Amino acid sequence: MSVNLKDTLNLPQTRFPMKANLVEREPQRLAHWEKQNAYYKALEARKDAEPFILHDGPPFANGDIHLGHVLNKVLKDIVVRYKTMRGYEVNYVTGWDCHGLPIEHAVTKNLQKNTTELDPVTIRRDCTAFAEKYIDIQLEQFKRLGIHTDWENHYRTMNPTYEADILRTFAAFVKEGLVYRSKKPVYWSIPYKTALAEAEIEYAEHISNSIWVPFKSLNAKEYGLPENTSTVIWTTTPWTLPANLAIAVHPRFEYTLIEYEGHNYLVARELAETFIKDVEWEGKVKITDVSIKGEKLEGLRNQHPFIDRESPIVLAEYVTLETGTGCVHTAPGHGHDDYITGLKYGLEVYSPLDENSRYVDDGQIPESLVGKSVFEKKNGASQANEEVLKLLQENGSLIQHTQFTHQYPHCWRSKTPVIFRAMDQFFMRLDHNDSRQKVLNEIDKVIWIPDWGKNRIHSAVENRPDWCISRQRSWGVPIPVFYNEAGDVLLQEDVIEAIAQKFATEGSDIWFTQSEEELLHGVELPEGWSLEDIKKGEDTLDVWFDSGSSHAAVLNRFDGLHRPADLYLEGSDQHRGWFQSSIWTSVIENGNAPYKTVLTHGFVVDENGRKMSKSQGAKTATEWLKQYGADILRLLILSEDYRGDIPIGNNIIKQISGIYRLIRNTLRFQIGSLYDFDPATDTVERDDLHILDKWALEETRQLIQQVTKAYDNYDFPKVFQLIQLFCNNTLSATYHDIIKDRLYTLAPDDPKRRSSQTVIYAIFEALTKLLVPVLPFTADEAIAYYENDEDFSENLATLQDWPIADNYPVFETEAQEVNDLLKFKSEQINEKLEKLRQEKTIGQSLDAEIKVALQASNPIADILQKYSDDLAELFIVSSVILETSSSEDQVAVARAGGERCPRSWRWVPELVETENWGRVSPRDKAVHDTLYSK
């Protein structure tokens, strides 16, 4: 009877697909997890264990998720899954940021198509629907990534209970005396007509107008200066000149006069040459011998160039010698430094603009400027700039006008240049009661990853001016402030607490739908308050205060959470945003930071390091998912150093896909090799394991140890490198390659084969668990196919416990001996084999035999001799002949002689006859006899 020898081999048997088909099959696995209630099963399994809290920073609910969201959520999910497997009780609550400009802008724009009369209630109704719509969309998109959480229980900053906690946090600031109302300059978005927080500012390239303007000195003789003297200012914001109230000089700088066409111009001595060059006066002027310190110029009166107003010289330390003239145009209503100087000298906080950022007719502004907008286009042009330049030219007060390109603050949403504009706003006093120092002290107690994050937030907090917390918007949490008939601010913590309680049950819309009497019904009014002349405010809170209150509204409210959280994990821009607003609110309300550790990541860029732009054809997160699946994107994120920018592109994805296939094929080989292995009956005792298997087990033990350490240190790129090298070098190129012969050709119950299966099983268990945080879909699929050779099982990946290195036997000595043998193969044999292959002398390494003649003094000689019976298998050749050399070491590789076994492909001196297989090697005959004796 003819037998196909291939059918006699123990080839791997599994239905685990070679092709992943992640795009189609991952959603099916998500449905299986949902049906199995995977998140709660994992949570229940760790009930009452030590908690680990990763507090989710809320993404904004205003559009589809982008790759930045993918990066952030996947990094969080890796941590959550890892900590869960390590035995922690991990309650991971996701959330959404709902209030704010982008949503209100989109809604208002849509409403204006049908009406011009927009009331806050209508705007808020549509904003709520808008946010709910995109929360539902983003939730499904995040779910598609395999994020391990309970999606039904999440937080929203627009929920009534959350809004109530925002007010309670605000009340803590009021109680500490930190909230005040003042007219001072703030960042102002012209398109959105609202104040902006510092965290809502980004810098972008902008063209500005650079002008040099003389202010005629009115009492120069009193200062020992010629009567025909003018103080020269330089500014890049011509539109602010109508608001000029003073000129600042540095008290310790030396100032001089430049004579030009019979007139004297006052500038800083060190900037004289630069000034002459800038205004193109070379060869036409004389720098005089006049030298007067700035402090001696204080009070010098100057005439505004086109308004009937004086502009005195004041002193300021912030004046520099980097650019300009050393004489700084000062408008207290349009700059922070100017404002501080104005307070010192009793100057008016003057900002003659309306809510549309147009000049108003206040009796001072020239008629030609009234109604002109200060909004600047990309080329620096604006109605106001053009009119100011025209006025200066007409009265001969424009020495020079140029343009230059520089980085300028822009609104992060409208992407348009902001202005500094003084108006009545609410602020937080950040230095009152040592609040700033308390925050800085808490920063020092937090672990910052990377460590430069500490310096970044420390600097941001240290240099931050008072926090402008009011916004002129409808879509937000209203500031619970009232005003009496005289316009005095009525702000009291007990009233705020009472309003908060009403918000918790009725929502914040009542602020806009109810009268003052209704809002304060049942509230005990403080002394001096009267319902007869009271009026509620119209401002809303800065949305950073919303999200910054999440420690109170989420960590304190949801079951299983606590404050401080163990980890906050967001992009590096949040040192100015959520990380900072959170620590300010937490320190004021509770006296400590809301987090123990803060981890920051970079941003997603294209393969050339450029910001991804949809307008330039960049694919959306959904498009990437539809093309490659979640596990590929997750593996890519693991592979990159998240602490910097993360490049994503087709070439990078192709490389990652190749590595994914390596990992998948590794798992497939192991599952297939275990088809006839029962751990309960076939496991080989540790001392009886073959030397190669001991080596593989030791390599696995060390992998677990190193990967665990990397996960603990949030060193995810290290995890990637370790797993990739293990699958590629340790397993695929070495261990799997070597043991295929024994797995395929030995009798099923051969101790040597069972030894390898014992270790393959141990490796498979460890490797799949190490992969769960990164490749949850693939790991879950692999476990299911091992369990029952089907797509799904109830033994979910998320229910697995983390492998513990200490539970594995230690084979360091044996592993070192095998490593020495593998090194000998790499250095002395591989190159010679490759040369024979290239010469067509052999086809594969089994066609070769090796003769090794070593001196007895060579350390490797003893190891070779000790494992002489295993060398042919280890080196994947047909035979290894060991000899002792008296002179020099010699390693010779040649084509093996004898006959080739048709079953195992090894060359032996002579084949032997069998009843059913024909002529095979003696070793294969022994297998034959064993099988047929049964």
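These are my notebook entries on a predicted model.

**Ground rules.** I number residues from 1 along each chain as its sequence is written. Local features need pLDDT of at least 70, side-chain atom pairs count only at pLDDT 80 or more, totals for chains, interfaces and linings use all residues, and side-chain values use heavy atoms, with hydrogens and water left out.

**Entry 1: a three-stranded sheet.** I took helices (H or I, at least four residues) and strands (E, at least two) as DSSP runs, numbered from the N terminus. I called two strands paired if DSSP finds at least two bridges between them. I then looked up the open sheet with the order S14-S8-S15 and found mixed pairing. Strand S14 (313-315) and strand S15 (327-330) are the edges; each has a single partner strand, so one side of each lacks a neighbour in the sheet. From one strand to the next the twist averages 40°. Strand S8 (residues 246-249) runs parallel to S14, and three bridges join them. Opposite Ile247 I found Ile313 of S14.

Helix H8 (residues 336-345) lies across S14 and S15. I read its angle to S14 as about 100°. Axes here are lines fitted to C-alpha atoms, for helices over the stretch in contact, and angles run from 0 to 180 degrees between N-to-C directions. Contact means heavy atoms within 4.5 Å.

**Entry 2: a four-stranded sheet.** I next looked up the open sheet S5-S4-S17-S19, which has antiparallel pairing. Strand S5 (194-196) and S19 are its edge strands, each pairing on one side only. S4 and S5 are antiparallel and share three bridges. Trp188 has Ala195 in S5 as its bridge partner.

**Entry 3: a helix pair.** How do H10 and H11 run relative to each other? The axes of helix H10 (residues 435-445) and helix H11 (residues 452-462) come within 10 Å and cross at roughly 175°. The two are therefore roughly antiparallel. The classes are: under 35 degrees roughly parallel, over 145 roughly antiparallel, 65 to 115 roughly perpendicular, the rest oblique. H10 makes the contact through Arg436, Val439, Leu440, Ile443 and Asp444, and H11 through Lys454, Ile457, His458, Val461 and Glu462. I classed the contact residues as five nonpolar, one polar and four charged. Nonpolar covers Ala, Val, Leu, Ile, Met, Phe, Trp, Tyr, Cys and Pro; charged covers Asp, Glu, Lys and Arg; the others, Gly among them, are polar.

**Entry 4: the second largest pocket.** I noted a lining of 44 residues for the second largest pocket. Gly335, His336, Asp337, Asp338 and Phe420 lie nearest its centre. A pocket is an open set of points on a 1 Å grid over the protein atoms alone, where a 1.4 Å probe fits, with protein on both sides within 12 Å along at least five of seven lines; lining residues have an atom within 4 Å of a point. Elements giving two or more residues to this lining include strand S4 (179-189), S15, H8 and strand S17 (419-428). The lining divides into 22 nonpolar, 14 polar and eight charged residues.

**Entry 5: backbone checks.** Ile449 and Pro450 are joined by a cis peptide bond, with omega about -5°. Pro450 sits in the loop between strand S18 (447-449) and H11. I found a cis peptide bond between Arg563 and Pro564 too, with omega about 5°. Pro564 is in the loop between helix H16 (550-555) and strand S25 (565-571). Asp48 is not glycine, yet its phi is positive, near 70°. I placed Asp48 in the loop between helix H2 (38-45) and strand S1 (54-55).
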